[in-house]
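Visitor: Could you take me on a close look at one part of this model, the sheet and what lies across it? I would enjoy a connected account with the cut-offs spelled out.

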Amino acid sequence: MCIKFTARTTSQKMLALFIAFLLFTFTGISQPVSCHQTLDSIKAYMEKNYVGFTDKVTPATQKAYQAHTRQSYAYAKTAQSRADYLFTIRHWISFFKDHHVFIEVPADKAHVEMISLDEQAVSRLGNTPASSIEGIYYMRDSTYKVAVVKSKKGLRSYTGVIVNSRTPLWKPGQVKFELIKTGKDSYQGIWYNRNHDVRFSTIGFKQQNGFEQEGWYKQGTVIKTEAAQPLFEEGLNATVSFKTINDSTGYIRIRSFDGAYAKAIDSIIKANLKHIQSMPRLIIDLRGNGGGSDHSISFLKPIIYTNPVKRIGLDLLTTPDNIAAWEYMVSKYRGKLPDDYLDKILQRIYRGKGKERELIHFADDETDSLPDIWSAPAKVAIVINRGCGSSTEEFLLIARQSKKVVFAGEHSKGVLDYSNIVPKDFYCPAFTLYYSTTRSRRIDVGLGIDNVGIQPNIPLDLSKNNWLEELLKKF
């Protein structure tokens, strides 16, 4: 465990030092925590508090889970760096295949690894064959130039070292990313972003374009891309915007349903209500909308409503840790969401007080009705892609029951069956675990969507700049 003392007076400082000395001398508690111990901690916490654990670890999957866990502990044994520790944790939680289970890592500019490269080494790397991982790479926008070199340390096989940087946030010699070899031409990447926070991904190396999916191209590569252009200036920076496309079609762009944007969604709809209700067609563009709050979604329901909507409810896994986490989340949204809405959530949460790992009804099965059906818009196309998940998919399940709605674009992310995430902070190294606390009863009737998504009625290639024209022709 990590120990942190906050001392305000000289005597308190002396006492803290004395206690630390005793702990070091007699118990060894102040010794650095091993990756094995960190993995032990998160494993015990997830087994107790993650709502999907008993669904994901069953008699049928027990052997696979044990083998996966053994591999994680094998990584932990080899791990040396902070990045290795975090990679190991991420590997272990990947077993659950739940996009609502992930870790966030704070930036750490104070401990950036440095590797010295002389001019001769950089020159040599510029002449490596196309088949070699080693070489000189550029970002798509040429912000960074890095040298990828062999670097056997802990779990990693290669590192990307800054040669030139157009931003003062990164300096020559700093390690920009690390690559862990997992198979032939396949790697797990540990990426240090602009502000030195950590991100992970699975990538493949291709001779033609290096690590194109992460924006890194090997020197000599010809980059051929068709950059997607923004549709309208109104939506360039705004999270919520409205635009009249033509005399018969309106367009609403909503990038997020986060509770912080609920007022903006309400305001945009109210400000443009005459246009929305006078046009026969409306496009609701939700590309990349990863979800947020049910309250934010509520303002769209009258627009799409045609008939009563059935909703299958949720169960909450109640534990002391989960209740405390929900209390924290509710306090975080005070002032951003209505108090009565948050108070009702707390009332539901407190049904589980005193209970240990028990599923309780969090949201009942319901049939929702509205008093009016709007005559216009008569047709609504909702544009979706693989970035649409969580509460956005909850909205899509409602919308697909409407007789006036079609979905266009790509399938959604498929991350709704286990939802309502809460945070848990861990230390040594510092990171925040996010995990699901509620479980949809859709799972019990075979209607789960996790890792499948919701399919479009009108498939579109959203990477092309003419997708809106295609949609206007087809709906």
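**The sheet and its surroundings**

Guide: Let us begin with strand E2 (residues 135–139), which pairs with E8 in the antiparallel sense over 3 bridges. Strands here are DSSP runs of E, at least two residues, and helices are runs of H or I, at least four residues, each numbered from the N terminus; two strands pair if DSSP finds at least two bridges between them. Within this pairing, Met139 has Trp216 in E8 as its bridge partner.

This is a predicted model, with local features needing pLDDT of at least 70 and side-chain atom pairs counting only at pLDDT 80 or more, while totals for chains, interfaces and linings use all residues. Residues are numbered from 1 along each chain as its sequence is written, and side-chain values use heavy atoms, leaving out hydrogens and water.

Stepping back, E2 and E8 belong to an open sheet of 7 strands, ordered E7-E6-E5-E4-E3-E2-E8, with antiparallel pairing. Its edges are strand E7 (198–204) and strand E8 (216–218), each pairing on one side only. On average, neighbouring strands of this sheet are turned by 30 degrees against each other, direction ignored. In general, strands of a sheet pair through backbone hydrogen bonds, either parallel or antiparallel.

Now for the helix: H5 (residues 82–93) lies across strand E3 (144–153), strand E4 (156–165), strand E5 (175–183), strand E6 (186–192) and E7. Contact means heavy atoms within 4.5 Å. Helix H5 runs at about 70 degrees to E7; axes are lines fitted to C-alpha atoms, for helices over the stretch in contact, and angles run from 0 to 180 degrees between N-to-C directions.
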